[in-house]
2 protein chains.
Amino acid sequence: MIDIDGVSHIGIVVPDLEAACVFFADKFGCPVGEPIDVPGQALRLAYVVVGPVKIELLTPTAPNSAIARFLDRNPKGGLHHVAFSVVDAQVAADASLGAGLQIIGGVPQPGHHGRPLFFLHPKDTLGALFEIEQREGAQDRSPTGQRRNDAKA
Amino acid sequence: MIDIDGVSHIGIVVPDLEAACVFFADKFGCPVGEPIDVPGQALRLAYVVVGPVKIELLTPTAPNSAIARFLDRNPKGGLHHVAFSVVDAQVAADASLGAGLQIIGGVPQPGHHGRPLFFLHPKDTLGALFEIEQREGAQDRSPTGQRRNDAKA
């Protein structure tokens with residue numbers, strides 16, 4: 001069993017990140033963070049704060065990425081994924097595999113924030129794309145993160 | 001400005017409601033509510049509790065409804081909408097119209113729970129379908145709800 005304890009964020013792919021940030025600030029009065037480039041995934045993102053949940057606005061920075069292909073299919077943008085939080089991403093990954101759910105890319109990877117996360121294949125999860133993300137403040141036990149935590153200690 | 005204060009739920013359309021309920025209970029250990037029939041919208045739904053946010057699982061009970069058409073386009077199901085909570089749906093509806101956002105159906109309608117809610121047209125909202133839902137415990141000031149609240153008092 002994958003022990004999710006909340007919704008971390010909801011990913012929305014948009015064709016114009018700046019316009020989307022202005023939209024949430026102007027229409028809903030939400031705090032919007034500075035855009036963050038994630039070159040490893042050929043995307044640029046910004047977080048919108050809606051109470052305890054964030055909206056993750058995503059736009060591609062190169063063609064043929066997963067986000068670019070989503071935008072090709074949905075030129076106006078649209079709902080892309082839901083991220084659930086867990087205390088330990090590696091434990092959740094082991095539990096996912098044990099539950100017969102396929103992990104895209106096989107293992108948790110560090111996100112732009114350094115915390116490990118992974119995506120479950122939507123064929124196993126009701127047609128919806130679910131991200132499993134280690135929550136802030138939780139100990140990172142992944143091979144990559146272990147070194148990071150050790151370095152901090 | 002529409003004064004949203006949180007994410008109430010995330011709507012996921014599924015082809016098989018019972019299987020989807022079992023999925024969330026078995027794979028994630030989430031509490032899952034009893035299915036609720038909403039004949040006025042030709043759908044059946046169930047809520048899954050994930051911390052303070054709910055997943056609203058939706059399946060059509062008749063062809064040609066909005067949910068049935070979504071499932072026609074996405075036979076395996078998929079992310080359908082995000083519901084934001086507000087204190088007062090009528091105030092939020094007025095603010096939406098003032099902000100140039102189109103309300104599907106024009107005015108808030110009572111949901112199956114009796115609280116007023118409305119959907120914004122996704123052409124105005126980043127291609128994503130946003131529901132605006134009056135939060136539990138808030139006073140219902142809509143013409144329909146006023147009678148209901150009066151009757152309870």
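Through which surface do the copies meet, judged by the interface residues of chain B and chain A?

**View 1. The shared surface of chain B and chain A.** The copies meet through the same surface, because 100% of the interface residues of chain B are also interface residues in chain A. In this predicted model, local features need pLDDT of at least 70, side-chain atom pairs count only at pLDDT 80 or more, and totals for chains, interfaces and linings use all residues. Residues are numbered from 1 along each chain as its sequence is written, and side-chain values use heavy atoms, without hydrogens and water. Contact (heavy atoms within 4.5 Å) links 41 residues of chain B with 41 residues of chain A.

**View 2. Area buried between chain B and chain A.** About 3100 Å² is buried between the two chains, 80% of it on carbon and sulfur atoms. Buried area is the accessible area (1.4 Å probe) lost on putting two parts together, summed over both. B:Phe28, B:Leu79 and B:Leu126 supply 24% of the area that chain B buries against chain A, more than any other three residues.

**View 3. Polar contacts between chain B and chain A.** Four residue pairs, both residues at pLDDT 80 or more, are in polar contact. The term means a pair of N or O atoms within 3.5 Å; within protein, one must be able to donate a hydrogen and the other to accept it, and residues adjacent in sequence count only if both atoms are side-chain atoms.

**View 4. The rotation axis and B:Leu79.** A 180° rotation with 0.0 Å of shift along its axis superposes chain B on chain A (RMSD 0.0 Å), by least squares on C-alpha atoms of residues with pLDDT of at least 70 in both. That is the relation of a two-fold axis. B:Leu79 comes closest to the axis of the residues of chain B, at 3.3 Å (C-alpha).

How values were computed
Chains are lettered from A and ligands numbered from 1 in the order in which they are written.
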